[in-house]
Amino acid sequence: MKALIPAAGLGSRFLPVTKAQPKEMLPVVDRPVIQYVVEEGLASAADEVVIINGRDKKAIEAHFAPDAELVSMLRERGKDDFADKVEAVGNYNVTYVYQDEPLGLGHAIYCAHEKTGDEPFYVMLGDVIVPDNAMLPRMQEISDAHGGASVIAVMPVPQEEVSRFGVIAGAQEDGDVWKVESLVEKPAVEDAPSNLAVFGRYLLSPRVMELLADAKPTAGGEIQLTDALDALLREEDMYALVIDPEDGFDTGTIETWLATNNALYARKSK
């Protein structure tokens, strides 16, 4: 089972910072954003993390590459704690595929179809982090309890903000689990079927890759994952895990990146 991290985007909200430095490499407290996401994937049922990268974003690959020279130098200087951290990151089971055209999230995910084969797979958006690594295992539990159904994570948002997100329609099944009936992209406040916004963690059946193989560009001239999930709902059941806002953090804008740094630094300092 693979965990896919789309990371080929331009990071335009952070320009000019991201002109030379990938957005995914911006630090949150003591490590880059993408390291949190990779570590979350490796803490799940996945045996490999696949980063869907852009060919010019070499800093990501350099970060996860072994660096025996640096490790040796740190140990010679008595900095074993830093050496251990560098060595551990260089040994993570991370591989890469490439998205050569900016054709949307659905297209990025399909770039990894040879990796996933006919197995379910996780998708982990690279600008949200889950520090306790507990979300994917809970999603796997829900999927297992419902015959291998797809599961998406959703987070309650203020009603007046629903127009910024993809929102689910459905019904609460039990506690933190909803059965999804449809996905509505950026609904008007008065039309939103719920206040549960898609968070950026997915456990998807292999049928999604088959649907993406035939997908055509829609909104913004891009191949949208939401369209494939809508099509999937006509064939298979789908469930949602409702998460606590304290369990996941957004780093996709300057404001949320700063807020995430402050929140996680406060936790680390306790």
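Hi everyone, let me start with a term: helices (H or I, at least four residues) and strands (E, at least two) are DSSP runs, numbered from the N terminus. With that in hand, I142 sits in helix α7, residues 135-145.

Before going further, a word on what you are looking at. This is a predicted model, where local features need pLDDT of at least 70, side-chain atom pairs count only at pLDDT 80 or more, and totals for chains, interfaces and linings use all residues. Residues are numbered from 1 along each chain as its sequence is written, and side-chain values use heavy atoms, with hydrogens and water left out.

Let's stay with I142 for a moment. Is I142 buried or exposed? I142 has a relative accessible area of 2%, so it is buried; buried means under 20% relative accessible area, exposed over 50%, and partly exposed in between, using a 1.4 Å probe and protein chains only. Not counting residues up to four places away in sequence, I142 touches V151, V177, Y239 and L241, where contact means heavy atoms within 4.5 Å. From I142 to E119, 23 residues apart along the chain, the C-alpha separation is 17 Å.

Now to the strands, and to β11, residues 196-204. Why call β11 largely enclosed by the rest of the structure? Because 8 of its 9 residues are buried. Two strands pair if DSSP finds at least two bridges between them. On that basis, β11 pairs with β6, residues 121-124, in the antiparallel sense over 4 bridges. Within that pairing, Y122 has L203 as its bridge partner, and M124 has R201. Strand β8, residues 150-156, also runs antiparallel to β11, with 5 bridges joining them. Here M155 stands opposite A197.

Strand β1 runs parallel to β6, and 3 bridges join the two. In that pair, L4 stands opposite V123. Both faces of β6 are covered: F121 and V123 are buried on one side, and Y122 and M124 are buried on the other.

In soluble globular proteins, nonpolar side chains tend to be buried together. A nonpolar core here is a set of buried Ala, Val, Leu, Ile, Met, Phe, Trp, Tyr and Cys residues joined through side-chain atoms within 4.5 Å. Which residues touch the most other members of the largest core? Those are I34 and I51, in a core of 41 residues. Helix α1, residues 33-42, gives the most to this core, with 5 residues. Leaving aside its neighbours within four places in sequence, I51 has contacts that include I5, I34, V38, F64 and V94. There is also a second, separate core of 31 residues, and V50, V123, I152 and L233 are among its members.

L233 also turns up in helix α9, residues 225-233, where the buried residues are L225, A228, L229, A231, L232 and L233. They pack against α5 (105-110), β8, β10 (177-185), β11, α8 (207-213) and β12 (238-242).

I'll finish with some backbone details. L15 and P16 are joined by a cis peptide bond, with omega about 5 degrees, and P16 lies in the loop between β1 (2-7) and β2 (27-28). V29 has phi near 60 degrees, a positive value in a residue other than glycine. V29 lies in the loop between β2 and β3 (31-32), and its relative accessible area of 29% makes it partly exposed. N133 likewise has a positive phi, near 60 degrees. N133 lies in the loop between β7 (128-129) and α7, and is partly exposed at 22% relative accessible area.
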